[in-house]
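This report walks through a few local sites of one model. Keep the sequence and the structure open while reading.

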Amino acid sequence: MLPDPNSLYGPLDPAPDAGYEDAPPRMGFFTDTSVCIGCKACEVACKEWNGVPQSGLDLLGMSYDNTGALTANSWRHVAFVEQPRPADVLGAPVADGAGPQFLGMPGSQPPGRGSGAEDRTDFRWLMMSDVCKHCTHAACLDVCPTGSLFRTEFGTVVVQEDICNGCGYCISACPYGVIDQRKDDGRAWKCTLCYDRLGAGQTPACAQACPTESIQYGPLEELRERAAARVATLHERGVPEARLYGHDPNDGVGGDGAFFLLLDEPEVYGLPPDPVVTTRDLPKMWKRAGLAALAMAAATVAAFVGGSS
Amino acid sequence: MSPARPPVGDRFRRFRDRLAAEGSDRPEAPRQGGPAGTDDQADLTPPPQRTAELPGRRTGRRGGRRGGGEELRVPEATFTSYYGRPILKAPVWKWDIAAYLFTGGLAAGSSLLAAGGQLTGRPALRRAGRVTALAAVSASAVFLVKDLGRPARFHHMLRVAKPTSPMSMGTWILTAYGPAAGVAAIAEAAGRLPRHGRFGLVGRALPSVGHAAGLLAAGAAPALATYTGVLLADTAVPSWHEAYPELPVIFAGSALASGAGVGLLAAPPAQAGPARRMAVAGAALELYGTHRVETRLGLLSEPYRVGRPGRLLRAGRLLTVSGVAGALLGRRSRLVGALSGTALLAASAVTRFGIFYGGVASARDPRYTVVPQRERVNARRTGGGSGG
Ligand code: SF4
Ligand code: SF4
């Protein structure tokens with residue numbers, strides 16, 4: 001029934017598995033957060049190109065992050081983490097990931113300018129542009145009952161808005177909390193990795209707009225090599241906490257089509273530390289349901305034939 | 001980096017020390033979980049230097065001179081998150097999906113009851129079962145369509161049949177079950193049709209058509225009652241997913257108990273014997289399953305024990321037990337039977353809502369996402385060596 005033994009879990013090239021013959025190489029994003037400057041050009045470019053409605057003005061008090069999370073109306077989200085980090089140990093790994101700290105930003109001045117040097121704190125600012133991971137094993141796609149979500153020839157995952165009936169299953173299934181329902185519309189929306197631009201041989205809007213090349217777009221194989229080299233460089237330069245996230249085809253979702261270079265544990269950025277595609281366990285689930293169904297039938301038979309009253 | 005500046009990270013250290021001095025008032029994560037849970041718990045509860053979520057509403061900015069008096073509350077859990085925001089999107093399913101879990105199970109249980117009554121010559125059970133099944137499956141359809149973001153597109157479900165999508169499978173199960181249950185219920189009207197004339201033929205044919213339809217519905221019923229367990233489990237919602245071995249058991253038991261409830265309500269005590277036995281079997285499955293999800297999952301059992309889901313599940317247990325007790329002890333009294341039946345129906349509904357909202361609660365709190373996954377990563381780092 002299932003063509004590839006790995007079609008639910010494990011390393012896999014998704015486009016051929018989805019039935020494409022002569023699929024082009026798998027395309028993806030490598031987001032290098034170590035060069036992100038938090039300009040949010042990606043958020044804006046995405047909204048512009050894809051015609052994503054505005055999400056309203058909201059001040060969240062989360063550093064410069066007033067987007068909050070990936071939602072139906074924000075397909076790129078720049079996270080800002082303000083983190084105290086002693087300079088004398090800069091270079092040594094943070095003690096198992098100090099959490100986000102609030103440092104009074106935004107304020108009218110940089111921290112410590114008005115109060116003098118003695119009140120200054122030392123902190124680092126982590127910024128990360130988050131996006132749909134275009135998982136190798138995409139739970140959203142697996143569970144979609146209408147076939148609205150589909151795998152493109154580039155190995156990405158896209159919602160067809162004319163098919164989606166807003167059942168909401170994908171939203172509970174995504175282990176990253178990416179895909180979301182648009183309230184006034186009822187359907188599910190998320191990053192398409194600019195499927196329309198890809199088809200025309202163009203770069204996705206966010207990667208095109210990123211001024212620091214924090215967002216890099218290209219064939220996934222190539223990006224993985226580039227990322228490994230970048231991590232090695234950073235380690236050499238004394239940033240041992242640099243690590244990749246979502247690059248490994250052996251992880252719980254078979255590797256992400258959009259992966260990241262992070263400077264702290266994933267959960268600091270609001271990413272799950274060890275996501276697993278829920279459909280990994282689906283065969284076991286059906287088996288349990290089958291057993292339960294049998295038990296039910298047997299109990300009914302027993303109830304009617306056993307006893308006489 | 002002026003040499004005059006105070007030691008770097010001082011404010012953070014002060015903050016950390018203060019937390020350590022005040023101690024953590026965090027409700028300790030349950031330790032009776034699996035062995036993995038207990039081992040790694042130590043790892044995750046050091047003196048809280050891994051700061052937990054920042055309070056959602058932080059009072060005051062730290063920019064001014066607060067003299068180190070940070071307004072940060074003691075963390076509630078030792079894990080890191082992004083401003084305490086949930087990682088997962090909570091299910092967008094509303095209460096009507098919980099209600100559907102109940103009506104779908106009720107339909108399945110009633111069809112089984114009806115088929116049993118039909119095959120063993122207990123017309124009261126047959127009639128009540130068939131009529132309830134049709135009513136419940138109709139209500140199910142309404143709940144399901146109503147919950148869609150685009151109700152007018154409900155038929156898009158019929159474009160595909162996908163074994164990887166429990167919702168797709170469920171749609172097809174319902175498509176097979178619904179009409180059969182409908183025909184079986186309509187056949188109950190045969191007795192009211194005239195024996196002669198144009199309707200006479202229909203009237204004479206209906207019982208056997210109803211017989212076949214009733215058996216068909218009963219054949220699909222166990223699938224209808226148990227696929228919903230997979231429906232919930234096949235999500236990233238932590239407390240649903242990890243409960244995948246138990247959810248179908250609970251739902252099967254709950255469906256049997258509700259079907260039995262219908263029988264106890266509708267049938268005279270002389271015919272209600274099978275319903276009583278069904279009630280016992282259903283209650284046993286339901287109680288066993290809920291007990292397992294409340295205790296086996298370590299931290300992920302917590303959402304089923306506290307708050308509204310906890311209250312719902314406790315109420316469900318109480319109702320189940322009293323329903324079964326009533327059914328067994330009051331076997332001669334029609335009134336006690338009816339009361340027990342009502343209790344069983346209520347128990348089934350309440351249990352479904354408890355399971356549903358327990359899962360929702362687990363998706364809303366990043367703790368239930370981060371802590372188990374972090375434990376996994378740490379275990380792999382220390383044990384496997386290969387590093388996540
Ligand atoms: S991150 Fe979520 S929405 Fe994106 S492909 Fe993976 S499962 Fe689907
Ligand atoms: S909400 Fe739309 S895209 Fe998501 S699973 Fe349902 S039909 Fe598919």
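## Aromatic pairs

F80(A) has a relative accessibility of 2%, so it counts as buried (under 20% relative accessible area is buried, over 50% exposed, and in between partly exposed, with a 1.4 Å probe and protein chains only). This is a predicted model: local features need pLDDT of at least 70, side-chain atom pairs count only at pLDDT 80 or more, and totals for chains, interfaces and linings use all residues. Residues are numbered from 1 along each chain as its sequence is written, chains are lettered from A and ligands numbered from 1 in the order in which they are written, and side-chain values use heavy atoms, with hydrogens and water left out.

Across all chains there are 17 aromatic pairs. Rings of Phe, Tyr and Trp (its six-membered ring) pair if their centres lie within 6.5 Å; planes under 30 degrees apart are stacked, over 60 edge-to-face, the rest tilted. Y64(A) and F80(A) have ring centres 6.1 Å apart and planes at 65°, so their pair is edge-to-face. The pair links distant parts of the chain, 16 residues apart: Y64(A) is in the loop between α2 (41–50) and β2 (76–84) of chain A, and F80(A) is in strand β2. Helices (H or I, at least four residues) and strands (E, at least two) are DSSP runs, numbered from the N terminus. Y64(A) is partly exposed, at 33% relative accessibility.

F154(A) and Y195(A) also pair edge-to-face, at 6.3 Å centre to centre and 75° between the planes. They sit 41 residues apart, F154(A) in the loop between β4 (149–151) and β5 (157–159) of chain A and Y195(A) in helix α5 (residues 195–199) of chain A. F154(A) is buried at 11%, whereas Y195(A) is partly exposed at 26%. Ring pairs also join Y169(A) to W93(B), W240(B), F353(B), F356(B) and Y357(B) in a cluster.

## Ligand 1 and its cysteines

The unreviewed UniProt entry places a "binding site" at C132(A), C135(A), C140(A) and C174(A). These residues span 43 positions in sequence, yet no two of their C-alpha atoms are more than 11.0 Å apart, so they gather at one spot. UniProt positions follow the numbering used here, feature names are shortened, and annotations may be inferred rather than shown by experiment.

Ligand 1 is surrounded by 14 residues, and the closest are C132(A), K133(A), C135(A), C140(A) and C174(A) (a residue is near if one of its heavy atoms lies within 4 Å). The shell has 11 nonpolar, one polar and two charged residues. Ala, Val, Leu, Ile, Met, Phe, Trp, Tyr, Cys and Pro count as nonpolar, Asp, Glu, Lys and Arg as charged, and the others, Gly among them, as polar.

C132(A) lies in the loop between β3 (123–131) and α3 (139–143) of chain A. C132(A) is buried at 7%. Beyond its neighbours within four places in sequence, its contacts include W75(A), K190(A) and A258(A) (heavy atoms within 4.5 Å). C140(A) belongs to helix α3 of chain A and is buried at 9%.

## Ligand 2

Around ligand 2 there are 13 residues, with C144(A), T146(A), C164(A), C167(A) and C170(A) nearest. This shell holds eight nonpolar, five polar and no charged residues.

## Strand β10

Five of the five residues of β10 (residues 258–262) of chain A are buried. A258(A), F260(A) and L262(A) cover one side, F259(A) and L261(A) the other.
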